Every structure is written in C-alpha cells, then in structure tokens.
Amino acid sequence: MVVSSCSLTWTSSYLSHKLNLPHSNHLLRNTTTSSSNNVSCAMETTSSTERHCQRRPLLLGIGALTANLLPANSLLAEEIPDRYRSFVDYEDGYSYIYPSDWKEFDFRAHDSAFKDRYLQLQNVRVRFIPTEKKDIRDLGPMEEVITDLVKHRYTAPNRRPTIYDMQERTIDGKHYYTMEYVLTSRNYASASFTTLAIGNGRYYTLIVGANERRWKKVRDQLKVVADSFRLLDI
C-alpha cells in the first residue's frame, strides 16, 4: 500500500479524489478563494478490493481553484448546512453530508462510513456494486424495488420490517429512491433511511440510521444526510 499526502496551492492542477470538507456558508460554484482554509485531504493507492482514505490537514494557499477542478454538481458547489460536513469522493463518483461531530470508521464491505462519537449505532455508510443498469428506474417501479429490498434483503428472519415512506427525487437528471423503515426484533429495533442510485456503472446504497428509541429526536437530522447523496460523473 502506498500512501501519499498532497499539498495544494493556487497553482496546483491536481485535487484529491476524496475530500472531507467542513461547513461553509459561502462555497462558490465557479471559484474558491482562501487565505487559511483548512481542508482534510489524502490519497491512497491500494488494490481494487481494499480502499481506505486517510485524511491529513491540507492548507489551501491564497488564490483561486479553477472551476474544472470543482464540478458544479458536487457538494462543493452547494451550501453545506450548519453543523454538517461534506464527504466528496471523486474517484468513486459520489458525495454526501454528515453531522460535523461524527467521526470516520471502518464498516465492513463499505466504501465510506461515519458514526456518532458516543452512539455507535447512529451512523451513515455507503457501498456500491457493479451493475449494467444505467438508472435506478431500470430496476423497476419504486414501490416494488423498495418493498423487495426491505422485506427480503435488509430483514433477518427474526426481524419484522415496517416501511413508513418512499420518495423519488430527480437532481441534475439523475434519479434517486429514498425509503424510511424500521426493523424490529424481540429485544431491539432500528430505524433507517436508505437512498439508492445508479450511475458510473455502479449501484450505490447509502444507509443512515439509529436506534428506533431515538428516532423521533434524530430523524430530521438524518433525513438531511439521506437527501444529500449525489452521484458525480467519473
């Protein structure tokens, strides 16, 4: 495994594939200027089956990053809500935001994951698998796709699924399915949002959830995460 950190100034022509950016109310669509903005950035070269991103502090020098380094459809081109940070993965073609006080962790078979510092079951994770489909609609009607997933893929034999909501969104011509559901067993229940999307020859799944007992308190916060998922063209 070869790991290298990158130092970027305004003359740089290279931007890390994975960026973990703090909240900002003034992220511009065309250029970004900074005198002392801190951005966490790292590159890591591994095998295709094992990729992990380690981030180190990166100081952006005074100047402007050209617009072609910051695609307009990424979270860099949008305003990040207060108390959230953004995760942007240019190499694997997706981005989302998560609560700023969460920390990164390894979640088996997932490409990225963050969790609450004290409540480990309160977390978000993203995975993807290859597909020949071009769009999430190619899987079939939203109701059929979501019902099949929740009842037959996400639910263990000793758990009972309850689907509360299904939504389809279209952003920049790309389609997303998002569902809200609870999985209940005899001694425990979890509540989650899942967002599905297809692009770049990949079938992406973002899941963000918590203990069902805390759901009323954190639901709105986690819905922001689920709705923030975006595909990036690679």
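1. Contact here means heavy atoms within 4.5 Å. By that rule, and leaving aside neighbours within four places in sequence, Val-208 touches Trp-102, Asn-123, Val-124, Ala-191, Ser-192, Phe-193, Trp-215, Leu-222, Val-225 and Ala-226. This is a predicted model. Val-208 sits in strand 13. Its relative accessibility is 0%, so Val-208 counts as buried. Gln-122 is 86 residues away from Val-208 along the chain, yet their C-alpha atoms are separated by 7.5 Å.

2. Seven strands make an open sheet, ordered 7-8-9-13-12-11-10. The pairing is antiparallel. Strand 7 and strand 10 (160-171) stand at the edges. Each has a single partner strand, so one side of each lacks a neighbour in the sheet. Strands of a sheet pair through backbone hydrogen bonds, in either a parallel or an antiparallel sense.

3. Strand 10 pairs with strand 11 (residues 174-184) over 11 bridges, in the antiparallel sense. Which residue of strand 11 stands opposite Met-166? That residue is Met-179.

4. His-175 also lies in strand 11. Is His-175 buried or exposed? The cut-off for buried is under 20% relative accessible area. His-175 has 14%, and is therefore buried. Its side chain makes two polar contacts worth checking on screen. One goes to the side chain of Asp-135, at 2.8 Å. Another, at 3.5 Å, joins the side chains of His-175 and Arg-137. Not counting residues up to four places away in sequence, His-175 touches Asp-135, Ile-136, Arg-137, Glu-168, Arg-169, Thr-170, Leu-196 and Ala-197.

5. Helix 1 (residues 142-153) lies across strand 10, strand 11, strand 12 and strand 13. Helix 1 runs at about 140 degrees to strand 10. Helix 2 (residues 215-228) lies across strand 9 (123-130), strand 10, strand 11, strand 12 and strand 13. Helix 2 runs at about 165 degrees to strand 13.

6. The buried residues of helix 1 are Met-142, Val-145, Ile-146, Leu-149 and Val-150. Seen down the helix axis, these buried residues fall within an arc of 115 degrees, so they line one face of helix 1. What covers them includes strand 10, strand 11, strand 12 and strand 13. The face turned away from the buried side carries the exposed residues Glu-144 and His-152.

7. Finally, backbone angles. Most residues other than glycine have a negative phi. Ala-109 is not a glycine, but its phi is positive, at about 70 degrees. Where is Ala-109? Ala-109 lies in the loop between strand 7 (103-104) and strand 8 (112-115). With 69% relative accessibility, Ala-109 counts as exposed.

8. Asn-200 also has a positive phi, near 60 degrees. Asn-200 is found in the loop between strand 12 (189-199) and strand 13 (202-211). Its relative accessible area is 28%, so Asn-200 is partly exposed.

Methods: Residues numbered from 1 in each chain as written. Predicted model: local features only at pLDDT ≥ 70, side-chain atom pairs only at ≥ 80, totals over all residues. Heavy atoms only, no water. Helix = DSSP H or I, 4+ residues; strand = E, 2+ residues; numbered from the N terminus. Buried < 20%, exposed > 50% of the residue type's maximum accessible area, 1.4 Å probe, protein only. Pairing = 2+ DSSP bridges. Axes fitted to C-alpha atoms, helices over the stretch in contact; angles between N-to-C directions. Polar contact = N/O pair within 3.5 Å; in protein donor to acceptor, adjacent residues only side chain to side chain. Arc of directions from axis to C-beta.
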